[in-house]
Amino acid sequence: MTRRTVRTRVAVNAGRAAGLASRLTGRGQGATISGRVMNLISPELLAELAVDQRVVLVSATNGKTTTTRLLVAALEGAQPEGTGRPGEGPAVVSNSTGANLTSGIAPTLASARGPGTAVLEVDERVLPRVVDPLAAELLVLGNLSRDQLDRYGEVHAVGDRWRAVAETHPDLAIVANASDPHVVWAASPAKVTWVALGLRWRQDAATCPSCGALLDWSADRFDCRACGFAQPDAVHRLTDDGLIVDGRTVALDLALPGEWNRYNAALAIVAAATHFGVAPEAASAAIAAVRSVAGRFMRIPLGDGRDATVILAKNPAGWTEALRHVADHAGAGVVIAVNAHIADGKDPSWLWDVPYECLAGHPTAAAGERRLDVAVRLRYAEVEHTIEPDPLVAARALASDDVSIIASYTQFSALYRKHR
């Protein structure tokens, strides 16, 4: 292991002490304050801590935490093809709790026991700033859509910053979603392995990121008649039967629910197979064992013999996928639990961009601090509903054996802290 400088050793020890103090005083889990202290003391910390690691950065508007967790499972649970015993993969460190700023990356790297692989979820705004300090050898890019506009810029702006990374690093390996125009535009200048996933949420991909003209969308691809920008051909692609990797179909028998998790799993499997040499079937088998990701999809007992599944949703694209998942199950009940703190996005106008109409006929409740905003939106969608501040109380009152709580970030975090 590369010897750390005195300054970095001091930074790591001080950060760990700050994190311990945070946990002991009940202020939090300590990861963020730990990383802030480390980076403050040693500005070159990330570069030094990453020297012994093969660094993979995973970013997207939706699904980056889950994709990161699934890639870690694939790498830890399977050896490269032809090298021997499964279940003895490389030493992997990862910011598995979703702390995806530099303050979360620093303590993750500091926890490495020696040379290995670091699979790091990175906020989409932060990604361009850490590629060089971390000497990243692989990017895994999932999707780009509208997020919280009081915290993030427009989608085109994020895509342009990602593209600048690819243009200045043409030999950088990237595994990327071939079905998202913004991701294709951003990744194209580098060495890209494309994965065709399909794109159901197209509201943020109406115009060409290259020239601004309207894109032509068919059932499974996009094209720009004005400048020729188009969906690239992809050897690897997701189908109803599974994931095609280099001509062979790999089954996806996931414990995690939802079509969106098939997208996340596909990216993770292709990254493990093409960059690390893991057999796709072995990667898929390891991924199939993952049942919850940092509280996402956890099941909470309701005290009456039923459980509620908790799903995190943060923006229109994520909410739409979660609602469609519930709507596909006849009689399923759903609690819509929304707050509007900084972490949720303080402007809840996005509620009007989400197709709540699909919940018609499903037992539904509005919960959380912005339950009345949710109730108004449900009323306009002509969805019968109840109103209850506490999402668990609301879930218990729903007449369904299949109940989901779809929650904004701070509502989700409160449930996770209480029931993990």
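Biologist: Where does leucine 172 sit?
Modeller: Leucine 172 is in the loop between helix H7 (155-168) and strand E5 (173-177). Helices (H or I, at least four residues) and strands (E, at least two) are DSSP runs, numbered from the N terminus.

Biologist: What should I know about the model itself?
Modeller: This is a predicted model: local features need pLDDT of at least 70, side-chain atom pairs count only at pLDDT 80 or more, and totals for chains, interfaces and linings use all residues. Residues are numbered from 1 along each chain as its sequence is written, and side-chain values use heavy atoms, with hydrogens and water left out.

Biologist: Back to leucine 172: buried or exposed?
Modeller: Leucine 172 counts as buried, because its relative accessibility is 7%. Buried means under 20% relative accessible area, exposed over 50%, partly exposed in between (1.4 Å probe, protein chains only).

Biologist: Which residues does leucine 172 touch?
Modeller: Val131, Ala136, Glu137, Leu138, Leu139, Val165, Ala190 and Lys191, not counting residues up to four places away in sequence. Contact means heavy atoms within 4.5 Å.

Biologist: How far is leucine 172 from alanine 366?
Modeller: Their C-alpha atoms are separated by 46 Å, and the two are 194 residues apart along the chain.

Biologist: New topic. How many residues has the largest nonpolar core?
Modeller: The largest nonpolar core has 62 residues. Such a core is a set of buried Ala, Val, Leu, Ile, Met, Phe, Trp, Tyr and Cys residues joined through side-chain atoms within 4.5 Å.

Biologist: What gives the most to this core?
Modeller: H9, with 12 residues.

Biologist: And isoleucine 336, what does it touch?
Modeller: Isoleucine 336 touches residues including Trp319, Tyr356 and Ile406.
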